[in-house]
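The sequence and structure come first.

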Amino acid sequence: MLKINDLKVNYGGIEAVKGISFEVPEKSIVTLIGANGAGKSTTLRAIAGLVRTSGGSVEFMGEDITGKDTTEIVSRGITLVPEGRRIFPDLTVLENLKIGAYLRKDSLESDLEWVYDLFPRLKERHWQAGGTLSGGEQQMLAVGRALMSRPKVLMMDEPSLGLAPIIVRGIFDIIREINRQGVTVLLIEQNANMALQTADMGYVLETGRITMTGTGAQLLADEKVKAAYLGT
Amino acid sequence: MLEKKSKKGSVIALVCILVILGGVILLENVSMFMENVPEVLRPTSQLFTVLKKGAVYSLVAVSMNLLNGFTGLFSLGQAGFMLLGAYTYAILTVPMASKDQVYYLFGGSAVKFSLPDLFAGVLGAEGVGGAVSMVLGVLIAMILAGLVAAFFAWLIGMPVLRLKSDYLAIATLGFAEILRAIFQWQRLGPITNGANMIKNFPTFSSFNIENSAGETVLRLSTFVPFLVAALCIAIIVLLINSSYGRAFKAIREDEIAAEAMGINLSKHKQLSFCISSFFAGVGGALFAMYSANAQAKGFNSTLTYEILLIVVIGGIGSISGSVIATFAYVACSEWWLRFLDTPTTFQSESSRTMFIAALAVAGIAITALLLLRARKKKGGTGMMAAACIPAVVFVGYDIYYAMSGAMEVPFLRTGFRMVVFSVIIMIVVLFFRNGLMGTREISDLFKPKAKKEAAK
């Protein structure tokens, strides 16, 4: 569904992503794991059109979308849940969700229902300002907001960042649930353990290059991955 | 459920606007059908000056709030766009008959038509035809005033909107100053009348309806600015509550997240900038009508700061706050604080003694308040000493005044109004930083349940 070929991204002369290729099959969960500065976030931002690529291509459903602007990419069905949640703090939960659906002109009722079903907490608090929610609820809101655009591919940048382990587990349950309902998920994580348990396919990213590939279970069992990312 | 609620809200808002507009008509016509009305309600009263200027300023303040408060773009170009609007309006509506007189230094105007006269040519210049052509001419000139301002906003928006916060403010301020200089340029005299004012165009009082004998039958000179401002503000409110308004707020809150949601940043910033400038342009046209002349000299940065002040006092991000603050500000600066500018003499020794006592009490009370604050904040001895300064100054002056035996009320003379005003503003900015309303609207105050729950 989503195919990345030899993607390169430069940040002011520094090559953050040095030509990586991977594929995200339809209705799967794919994860990129790696340390800080490995180029994970940059990769997602490049796919979303938020940063310029300096080489390679991004193909979505057979069409080249490299260099298209974010508006175009979101309306084609790829939405990014940005790192650190970045909800709109002074707007209500409902307004936050409506902004997620900004590019759509059709009725939002059924999708609001869908998001509220996934996150009953958001329905309870729909009139509250986003900034008054707890960290976990804000992450729910960030995911819900992205889902309001009816994405085919949902890209998530470190959804577990700064959350308690029990909440992280809840978030990953939701990711599986969203995936079961037909949304393809591309996930990047530092919490490699959770990510690999959830993912169908995993890629290990090191200083801008992919160094290892395998199914989630294979990578979990790999000695090198264990030593470097799982701390066991 | 939600839809129903908002529908009810908009009906209430509409009724409120109609009541206010009706009230204004009544207010300015009371003196027509009642003999002994109090001084305040006579047509020459300050009240109507305040209402007219307030209506004009509130439109400009709300347009500035759309940009600064709702989109989060800190622009200081409002006076420039008002200038564009005022000049566009004035140039297009000066009657053919007075062109030579207005532009006498340049041997007549280069603009060989006048919108009201064009319509008068079709509809007739007398009676109802004349009135209709005047209204049509003014209306179209006003819309064009907005469009010219919006066009210039679009032009400078392309390079300038890439800048952030302070840099954007500096660039737009510079743009407004450049415009002011260009409009005073002698070479442009045949169009802009150089540094001289353009006048004789239709003003608010042109809308007063007169009978054939030349007596005023129905005053509409305060109603007209209210109508235009209410209409424009209603459009802005509708815009803010639409999906575009939500996108503006999203940009204000978090540009990166807004972009990730597919909101085109530059397009929406440009849109907000142009719409804000359009209404500033219309406001400028109203301002020209209010002051009965258009002169570039008046559209300086002080005007922008005045508007900015109103927006800050009212609450950045609150439309009703801006409107309330506008009327309060205009009323204070034009009317209520005027007494501070007139020297006054005490009539008797006892009233003077009472004044001295009151001054002493006030000085001590203020010091006590400041001392309490300083203690609560554990500011240390430095803060405490600073808090005592007002007491020393107040009481010291009080004693001097008591000794000198002067009968004139201290301080009251030309210009003191502005001193008091500055102090009030400083207090507002220091202690009530969110302004009157914060980001709330008047309608929020009538939803006690949701508010209380939100506070929990």
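## Interface between the chains

Contact means heavy atoms within 4.5 Å. By that criterion, 23 residues from chain B and 21 residues from chain A take part in the interface. This is a predicted model, in which local features need pLDDT of at least 70 and side-chain atom pairs count only at pLDDT 80 or more, while totals for chains, interfaces and linings use all residues. Residues are numbered from 1 along each chain as its sequence is written, chains are lettered from A and ligands numbered from 1 in the order in which they are written, and side-chain values use heavy atoms, with hydrogens and water left out.

Buried area is the accessible area (1.4 Å probe) that two parts lose on being put together, summed over both. For chain B and chain A the figure is about 2,000 Å², with 66% on carbon and sulfur atoms. Of the area that chain B buries against chain A, 34% comes from Arg246(B), Glu253(B) and Met261(B), more than from any other three residues. Two salt bridges (a side-chain nitrogen of Lys or Arg within 4 Å of a carboxyl oxygen of Asp or Glu) are counted between chain B and chain A. Lys249(B) pairs with Glu95(A) in a salt bridge whose closest N and O atoms are 3.3 Å apart.

## Helices 9 and 10 of chain B

Helices (H or I, at least four residues) and strands (E, at least two) are DSSP runs, numbered from the N terminus. Axes are lines fitted to C-alpha atoms, for helices over the stretch in contact, and angles run from 0 to 180 degrees between N-to-C directions. Helix 9 (residues 223-241) and helix 10 (residues 243-253) of chain B pack at about 70 degrees, their axes 4 Å apart. Helix 9 of chain B is therefore roughly perpendicular to helix 10 of chain B (angles under 35 degrees count as roughly parallel, over 145 as roughly antiparallel, 65 to 115 as roughly perpendicular and the rest as oblique).

Helix 9 of chain B contributes Leu239(B), Ile240(B) and Asn241(B) to the contact, and among the residues from helix 10 of chain B are Arg246(B) and Lys249(B).

## Helices 13 and 14 of chain B

Helix 13 (residues 301-314) and helix 14 (residues 319-336) of chain B pack at about 120 degrees, with axes 8 Å apart. These two helices of chain B are therefore oblique to each other.

## Positive phi in chain A

Lys27(A), in the loop between strand 2 (14-24) and strand 3 (29-33) of chain A, has a phi near 60 degrees. Thr207(A) has a phi near 35 degrees.
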